[in-house]
Structure formats: C-alpha cells, structure tokens
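This report covers the overall build of one protein model and its salt bridges. The sequence and structure come first.

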Amino acid sequence: VKLTIIHTNDVHSRVVGSEDSLIGYAKLATLVKEMRKEGNVLLLDAGDTTHGLPIATISNGESIIKLMNQMGYDAMVPGNHDFNYGYDRLIELNRMADFPILAANVIREDGTRDLEEYTIIEIDGIKVGIFGLTTQETKFKSNPKNTEGININDPVAVAEEMVKKLKEEDVKLVIALAHIGMDEESNPKTTDIAKKVQGIDIIIDGHSHTMLEEGEVIGDTLIVQTGEYLKNIGVVNVELADGKISKKEAKLMTFEDALALKEDEEISNKISESEEE
C-alpha cells in the first residue's frame, strides 16, 4: 500500500501566493488534485492556520476553514494562534469544518472534551490513525482568557495513551499531528516526544517554523515540518507491506518547485471573494 501525506503548518492565513516566496492555497490545491489522481493522499495541517491577516480575521477564521474544506483537508491540530478568537469560536470552527480539528490533550476542567482525540482513516484496507497534540504554551502565547476553564495536558503522557488506544484499534500507521515545535525553550519539544514515546511512526510538526528538508529521524519516528507561511509544501511518501511500514521518505516542495503549478481556479476565485470582503 502506497500513501502520500501532504502537510502544511504555520500558514498564518498566508493563503495568497506571492511572486517571490509564498506558494499559496490555489497552487497547493492543484498539487493535491494531481496527486489524488495518482494514488492515496492524506492532506494534514499542523496548526496556526486560521489567524494572521485580515483575510482570516474579518470572519474570525471561517474564510480559512471554507478554503480547507474545498481542498479536502483530512485533519488539523489547533495551534496557539487558532485559539486567538476564543475557545468557543474554535469549537464553532470545528463544527464548520468537514474534517476534524484534533486535540487529544485539550480538555475542559470538568473532564469533558469538545475536540476529538484522534481519527482513523482506512486506506486500501490499512488503518491509519492520526491524533492531535497542542502546545501547552497556548496558555500564555494566546490571551489567557482564550483558554479559561481549559486544561492542556502533558503531550508526552497523552501521546503514550494515544499510541496505546490506536494500537488496540489495529492501526498500522500512527501519525501525531503536533503543534509543539523544536524551539530550545519549549518543554517538551517534538524531539522529546519522539525519544520518550514508542510507536509513533510520523510526527507532523508545527509551531517552531523549522524547515526540515528531509525530516528528522529519531528512533523509529520521522519528524517533518515545512517552515512557515506556505513557503514550502511537505510531502511524505509511505509504503506498507503486510501491514508493516517498509518505506518512509520526507521531502519539501519549495517555492521554486511549485512555480510550474497552475493556480486552481475554484480556490483562486474563493480567495478573491474573501479578499474583496
């Protein structure tokens, strides 16, 4: 079974391409369409997506979610900036999305949860499990009012729990969608999670705006991150044989690589509408 994972992180609503550095959603949409014609594709986002520029903030993030729906995203994790409109608005955006906003470590103080821990997607008979982890720094990197009454639990402990749950569901490929990052001052860093938690095959990371050209391998875990603002598109090629992973390769499609892509008309028109607004 072959699978291509296309991933983005820290777009910060830079959905419009530029002439010198930003790829933009219209070209990303074209790439996704082309690759879906060729085979199995998962489209994932590692957070800090729905906030940043007027095109996003004028509708409190709704314009971005609509574009992501149109492109067929399979899941995202909320970054700290996705809490900037307040927790209740994040829940509203989750309801608007045709895909789950996953956050296994975000839970109300009364123990209830609004965002799903994980999702399982079956591809050619193989179960792929994806769970979300949000940085605990959200408590002070977004206005503290935005997370009142909300706990953001230890990503390492929650990741261990998620791997266990997904293995019980007979998942063959475990993906952590993490807005955690690799900044030195972050505790834990994504690298810590990879070292301490067995059984995560791929961590799709965000938060630190780190550009990993071919990913970073720690133990059996491949960590990938694209930098920021959609200057690069992340691509991971995975192959499974007899339910076991036989290949995991990461690369970045750079701005230069994407020059040959035409802009998808539907997405382009949708962006124009939002810009006009």
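The model is predicted: local features need pLDDT of at least 70, side-chain atom pairs count only at pLDDT 80 or more, and totals for chains, interfaces and linings use all residues. Residues are numbered from 1 along each chain as its sequence is written, and side-chain values use heavy atoms, with hydrogens and water left out.

**Overall build**

The protein has nine helices and 13 strands, taken as DSSP runs numbered from the N terminus (helices: H or I, at least four residues; strands: E, at least two). Its radius of gyration is 17 Å, close to the 19 Å that the globule rule gives for 277 residues, so the protein is as compact as a globular protein of that length. The radius is taken over C-alpha atoms, and the rule is 2.2 Å times the number of residues to the power 0.38. The C-alpha trace spans about 45 × 45 × 35 Å along its principal axes.

Of the 277 residues, 58% are buried (buried means under 20% relative accessible area, exposed over 50%, partly exposed in between; 1.4 Å probe, protein chains only).

**Charges and salt bridges**

There are 29 positive and 52 negative side chains, and the centres of the two sets lie 3 Å apart. Lys and Arg count as positive and Asp and Glu as negative, while His and the chain ends are not counted; a charge is placed at NZ of Lys, CZ of Arg, CG of Asp or CD of Glu.

The structure holds 14 salt bridges, each a side-chain nitrogen of Lys or Arg within 4 Å of a carboxyl oxygen of Asp or Glu. Three of them are listed here.

| Pair | N to O distance |
|---|---|
| Glu62 and Arg89 | 4.0 Å |
| Glu92 and Arg89 | 2.8 Å |
| Asp114 and Arg108 | 2.9 Å |

Glu62 lies in helix α3 (residues 62–71) and Arg89 in helix α4 (residues 87–96), so their bridge ties together parts that are 27 residues apart in sequence. Glu92 and Arg89 both lie in helix α4, three residues apart, about one turn of the helix. A network of salt bridges links Glu62, Lys66, Arg89 and Glu92.

Arg89 is buried at 13% relative accessible area, whereas Glu62 is partly exposed at 26% and Glu92 is partly exposed at 35%. In the remaining tabulated pair, Asp114 is partly exposed at 28%, and Arg108 is partly exposed at 27%.
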